[in-house]
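Me: I'd like to go through this model with you, a piece at a time. Have a look at it first.
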Amino acid sequence: MSEDGPDTPQDAANWQPTLTDPKASAPVLAPCVVLAALDTPVPQTLHGALHAAALSARIEHDPAMAMAEVCLLRRSARQKAADGATGEALPPLVLLSQPTDAAAEMVHELERLLPDVPVLLLQGSQLVQLAAASVPQPQVDPDEILSLLGRPDASPRESI
Amino acid sequence: MSPVSHRRTSRRRLMTVGSPCIEGTDETIGQLTVSSIFAALGELATCSAREPIEGIVLQAQSTHRLPGLLRQVEAIRRLEPALPIIAVAPGLPLPALEGQVDLQTAPPLHMDQIRALLEGEAELELPTAPVPAPDAIGQAPQTVPSTTERTADALGAASGESGRITDTALIEALLQQPDRFRQLLIRSLAERSGQPSVRLESAAGGPDAATVHNDGVTFGHLCGGDTHRLKAWTRWMAVWLRLEQRLERLREEALCDDLTGALNRRGLDRFLEASIEAARSARREVTVMVFDIDDFKAWNDRWGHEAGDTILRQVVQLLGSVIRDGDAVARTGGDEFVVVFADRMPPRTPGSTHPDSIDTIARRFQSQITAMKFPQLGLAAPGGASISGGLATFPWDGADGATLIRIADERALASKRRGKNCLTFGPEVVDVSPDPPTA
């Protein structure tokens with residue numbers, strides 16, 4: 001008798017289906033957000049790297065959408081943790097290359113406001129933690145901002 | 001990049017992305033300014049439930065930057081779908097942003113607009129103005145109203161008599177002056193669509209008519225303007241008319257008896273109060289007749305409740321054919337009815353009375369109900385029922401509805417004591433039918 005079912009009529013008479021949960025042996029994949037430029041193909045090595053890290057990718061092409069997705073996944077993970085779930089890791093953000101411009105700004109704000117969210121970088125076939133220092137800061141000229149805003153103090157602020 | 005300061009003194013907070021752009025202040029609304037959409041998303045993700053961010057202002061330096069602003073809107077919506085979003089950019093409002101943001105305006109943004117938005121003026125389920133064929137971003141809209149206008153409307157006077165007819169004015173008319181609603185709605189459509197001669201007609205002007213329909217109901221056809229333009233407004237119009245229809249149905253359900261369609265007690269009280277008030281100022285009479293069907297219980301017991309219901313419906317139907325415009329029938333109990341004779345036709349000559357005087361009508365009704373047939377009850381069903389009632393008249397018998405009903409009820413009891421099938425018009429005026437039927 002094969003694993004799939006009875007081969008002969010005799011087998012069929014004695015055959016009992018074996019109830020198995022196909023998900024039982026599969027690893028539980030944690031979600032992550034991959035920021036991938038729309039005009040750049042996703043490296044083949046990404047799938048292997050995500051599989052090795054037991055991550056399921058949600059690919060976003062826009063940094064703002066990627067950040068929103070990370071925030072949503074983080075909120076979900078924290079809610080599950082608050083409900084008593086164990087082993088709920090915070091969802092990482094995966095970058096395919098060193099961030100520049102808007103992506104760099106996003107990573108900067110992510111590290112400032114949501115420092116618990118891991119930011120990973122695909123290097124070869126591996127995911128490595130992105131070193132904060134390695135992220136280039138957005139090139140902003142303070143004088144330019146001041147002239148645009150037309151006010152002496154351009155720093156973000158809160159007021160009543 | 002400078003961090004956001006965390007001096008928080010208010011629970012309600014509004015977050016602005018970019019430079020501050022709000023004119024005016026409100027003590028109840030704290031403001032938080034952040035430098036980028038990423039900072040805004042981070043703040044939204046980490047703000048405490050005790051100090052929620054209740055709205056966000058997104059800005060663009062010019063209409064050419066609106067695609068970027070729309071991407072920001074999409075990101076905010078992904079994280080906080082219900083968060084009110086205000087877009088500020090030169091050249092706004094634009095159709096391209098209609099439905100995407102809750103408020104769009106050219107700078108400066110006023111705190112009054114924000115307050116109206118946060119306090120729910122713009123959160124009403126208002127019919128949404130149509131979005132015409134996609135205009136190029138940056139092109140000013142010609143006729144389509146925007147959320148900004150709607151909110152500005154809500155801030156303004158809601159009279160609608162002078163100037164623009166606001167959504168608020170339409171809702172007020174719908175609730176308080178339903179007779180005036182259609183007129184206002186058409187005027188508002190004329191203003192908003194730029195079609196001053198637009199009208200709603202029941203018959204289509206042609207195969208290409210702008211038909212106003214919703215949920216399988218056709219309300220009519222928009223005529224008297226550019227059909228192509230008017231077609232964009234049919235859904236807007238249909239939503240308002242559906243609201244009107246639903247409200248009318250609710251009114252009917254609240255004031256009418258389910259079984260017979262006559263007024264219920266609440267409807268009677270309102271109608272009687274209004275009739276007396278009108279009669280008082282016009283120096284007229286209002287007569288109330290209270291009656292019940294003689295031996296109705298015997299009908300019910302012998303022929304069943306279904307037969308009883310049939311009789312009740314037929315009685316109301318018969319009454320409806322006898323009374324005049326301006327009179328009303330109410331069912332106040334099982335087989336107890338009140339008829340309000342509030343004829344508002346002016347007398348033909350001073351001192352004269354309407355040719356169909358109350359006693360004539362009451363007697364006509366009494367004789368017709370005696371002759372009534374009930375074929376639904378089968379061949380063995382007896383013909384005709386009888387009623388016993390009493391009448392009371394404003395101002396002679398009472399100055400208010402409750403008094404009139406009480407006196408008429410007492411006279412109806414007196415009719416019962418006199419052997420049924422009898423109407424009592426006053427202390428000394430009794431009219432007894434000669435042939436009382438039997439159930």
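Me: Which residues of helix 10 of chain B meet helix 11 of chain B?
Reply: In helix 10 of chain B they are Val315(B), Leu318(B), Leu319(B) and Val322(B), and in helix 11 of chain B their counterparts are Ile361(B), Arg364(B), Phe365(B), Gln368(B) and Ile369(B), where contact means heavy atoms within 4.5 Å. By class, that contact has 7 nonpolar, 1 polar and 1 charged residues; Ala, Val, Leu, Ile, Met, Phe, Trp, Tyr, Cys and Pro count as nonpolar, Asp, Glu, Lys and Arg as charged, and the others, Gly among them, as polar.

Me: Before we go on, what should I keep in mind about the model and the numbering?
Reply: This is a predicted model, in which local features need pLDDT of at least 70 and side-chain atom pairs count only at pLDDT 80 or more, while totals for chains, interfaces and linings use all residues. Residues are numbered from 1 along each chain as its sequence is written, chains are lettered from A and ligands numbered from 1 in the order in which they are written, and side-chain values use heavy atoms, with hydrogens and water left out.

Me: Back to those helices: at what angle do the axes of helix 10 and helix 11 of chain B cross?
Reply: The axes of helix 10 (residues 296-322) and helix 11 (residues 358-370) of chain B cross at roughly 145 degrees and come within 10 Å; axes are lines fitted to C-alpha atoms, for helices over the stretch in contact, and angles run from 0 to 180 degrees between N-to-C directions.

Me: Left-handed or right-handed crossing?
Reply: Helix 10 of chain B passes helix 11 of chain B in a right-handed crossing, the near helix being turned clockwise from the far one by less than a right angle.

Me: What about the sheet with the order 8-10-9 in chain B?
Reply: That is an open sheet of 3 strands with antiparallel pairing, where two strands pair if DSSP finds at least two bridges between them. Its edge strands are strand 8 (199-201) and strand 9 (210-214) of chain B, each pairing on one side only. Strand 8 of chain B is joined to strand 10 (residues 217-223) of chain B by 3 bridges, and Glu201(B) stands opposite His221(B) in strand 10.

Me: Which helix packs on that sheet?
Reply: Helix 8 (residues 234-255) of chain B does, touching strand 8, strand 9 and strand 10 of chain B, and its direction makes about 45 degrees with that of strand 9.

Me: Switching to chain A, how many helices and strands are there?
Reply: Chain A has 5 helices and 6 strands, with helices (H or I, at least four residues) and strands (E, at least two) being DSSP runs numbered from the N terminus. Five of its strands form an open sheet in the order 2-1-3-4-5 with mixed pairing.

Me: Why is one side of strand 2 and of strand 5 of chain A left without a neighbour in the sheet?
Reply: Strand 2 (55-60) and strand 5 (126-129) of chain A stand at the edges and each has a single partner strand, so one side of each lacks a neighbour there.

Me: And which helices lie on it?
Reply: Helix 3 (residues 63-82) of chain A packs on the sheet, touching strand 1 (30-35), strand 2 and strand 3 of chain A, whereas helix 4 (residues 101-113) of chain A lies across strand 1, strand 3 and strand 4, running at about 150 degrees to strand 3.

Me: How much of each chain counts as buried?
Reply: Of the 160 residues of chain A, 32% count as buried, and of the 439 residues of chain B, 48% do, buried meaning under 20% relative accessible area (1.4 Å probe, protein chains only).

Note on methods: Buried means under 20% relative accessible area, exposed over 50%, partly exposed in between (1.4 Å probe, protein chains only).
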